[in-house]
Amino acid sequence: MELTQLRYFLKVAELQHITKAANELYIAQPALTQTIHRLESELEVPLFANKGRNIVLTEYGHFFYQKLKPLLSQIYELPEQVRAMANLQNSTIHLNVLAASSLVTQAIIEYQKIDDSLHIQLDQNERSELYDICITTDILHNSSDLFKQDVYQIEEKIYVALPINHRLSDRKSVSLKELENEQFISLSGAKQFRAICDKYCKAAGIKPNIIFESDSPAAVKNMISANMGIGFWPAFSWERITQEKVRMVPIVEPECTRNIIITYQKNKIDNTKAETFYKFLQSYFEHAAKGEF
């Protein structure tokens with residue numbers, strides 16, 4: 001059966017008149033009659049019976065009409081539904097946030113004031129490559145493997161947060177070696193920022209005395225802010241720390257920095273919204289690095 005045959009059958013069934021149906025379908029009456037006969041031949045049952053000058057549905061025709069009408073209606077709605085699905089997909093960004101989650105959250109809130117039609121699905125999965133935009137971090141990053149992707153990097157200094165009355169709090173900089181015997185508050189080992197800090201400590205030949213660690217950056221930040229210990233603190237991707245109780249001191253020997261990496265993949269038919277948000281993220285991080293928030 002062809003879709004045209006089914007559409008013609010429905011019109012004839014609704015009007016129960018070949019000539020009127022042919023006029024509304026803008027086809028010749030003989031062609032319409034042949035189409036109906038061909039459909040009846042394929043089904044091997046009569047769909048219409050003559051009744052005077054008109055025709056009426058047979059028992060088979062009535063059953064076929066009742067089953068076919070909602071199905072054909074759904075078929076006609078499919079193109080619009082597919083277009084709506086594509087529009088929703090193009091307006092949905094899959095965001096994999098593996099670093100700078102606080103700053104990314106702030107950026108999302110600010111961006112949705114500009115475009116509230118954007119839908120953002122958040123994930124935190126280091127193994128996943130199913131994303132439109134991924135925010136991650138490392139000491140060094142080689143983008144040569146990231147073909148067909150746009151990659152933006154921005155460098156961020158890593159400070160040590162010290163209580164205001166700490167013996168080193170008035171220093172312009174400190175070395176990691178000087179912190180060897182301090183009590184550290186730290187993220188758990190599964191976090192990327194922790195892995196970066198561990199690399200620097202290992203290079204400096206020290207093993208931090210970690211008295212508290214957590215998967216939650218918020219818990220770590222609160223503990224450091226409460227002077228429960230010292231800790232590593234990125235320059236702009238975490239909230240600004242109050243200088244009344246805690247002093248942020250740059251680390252040298254080695255100089256500690258990390259790269260925040262924003263990777264954008266063109267996964268959609270229409271990448272306009274994803275690309276616009278990607279550029280907004282770049283600008284947002286640059287303003288944050290300048291301390292403009």
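The legends below describe close-up views of a predicted model. Local features need pLDDT of at least 70 and side-chain atom pairs count only at pLDDT 80 or more, while totals for chains, interfaces and linings use all residues. Residues are numbered from 1 along each chain as its sequence is written, and side-chain values use heavy atoms, with hydrogens and water left out.

**View 1. The largest nonpolar core and the contacts of Leu95**. The largest nonpolar core has 58 residues, a core being a set of buried Ala, Val, Leu, Ile, Met, Phe, Trp, Tyr and Cys residues joined through side-chain atoms within 4.5 Å; buried means under 20% relative accessible area, exposed over 50%, and partly exposed in between (1.4 Å probe, protein chains only). Leu95, Ile133, Ile135, Phe232, Phe277 and Phe285 have the most contacts inside this core. Helix H8 (residues 272-289) gives the most to the core, with eight residues; helices (H or I, at least four residues) and strands (E, at least two) are DSSP runs, numbered from the N terminus. Apart from this core lies another, of 21 residues, including Val12, Ile18, Leu39 and Phe64. Not counting residues up to four places away in sequence, Leu95 touches Val104, Ile108, Ile120, Gln121, Leu122, Asp123, Ile133, Ile135 and Phe277, where contact means heavy atoms within 4.5 Å.

**View 2. The salt bridge between Asp132 and Lys268**. Side chains of opposite charge can pair when their charged atoms come close. A salt bridge here is a side-chain nitrogen of Lys or Arg within 4 Å of a carboxyl oxygen of Asp or Glu, and by this rule the count comes to 14. Asp132 and Lys268 meet in one of them, at 3.2 Å from N to O. Asp132 lies in the loop between strand S4 (119-123) and strand S5 (133-138), and Lys268 in the loop between strand S12 (257-265) and H8, so the pair ties together parts that are 136 residues apart in sequence. Asp132 counts as buried at 2% relative accessibility, and Lys268 also counts as buried, at 10%.

**View 3. The salt-bridge network of Lys11, Glu14 and Glu24**. Glu24 forms a salt bridge with Lys11, the closest N and O atoms being 3.1 Å apart. Because Glu24 lies in helix H2 (residues 18-25) and Lys11 in helix H1 (residues 3-15), the pair ties together parts that are 13 residues apart in sequence. Glu24 is partly exposed, with a relative accessible area of 45%, and Lys11 counts as partly exposed at 21%. Glu14 is linked with Lys11 and Glu24 in the network.

**View 4. Helix H7 and the residue Asn227**. In helix H7 (residues 217-225), the residues Val220, Lys221 and Ile224 are buried. They cover an arc of only 95° around the axis, which puts them on the same side of H7; the arc is that of the directions from the helix axis to the C-beta atoms. Just after H7, Asn227 takes a positive phi of about 65°.
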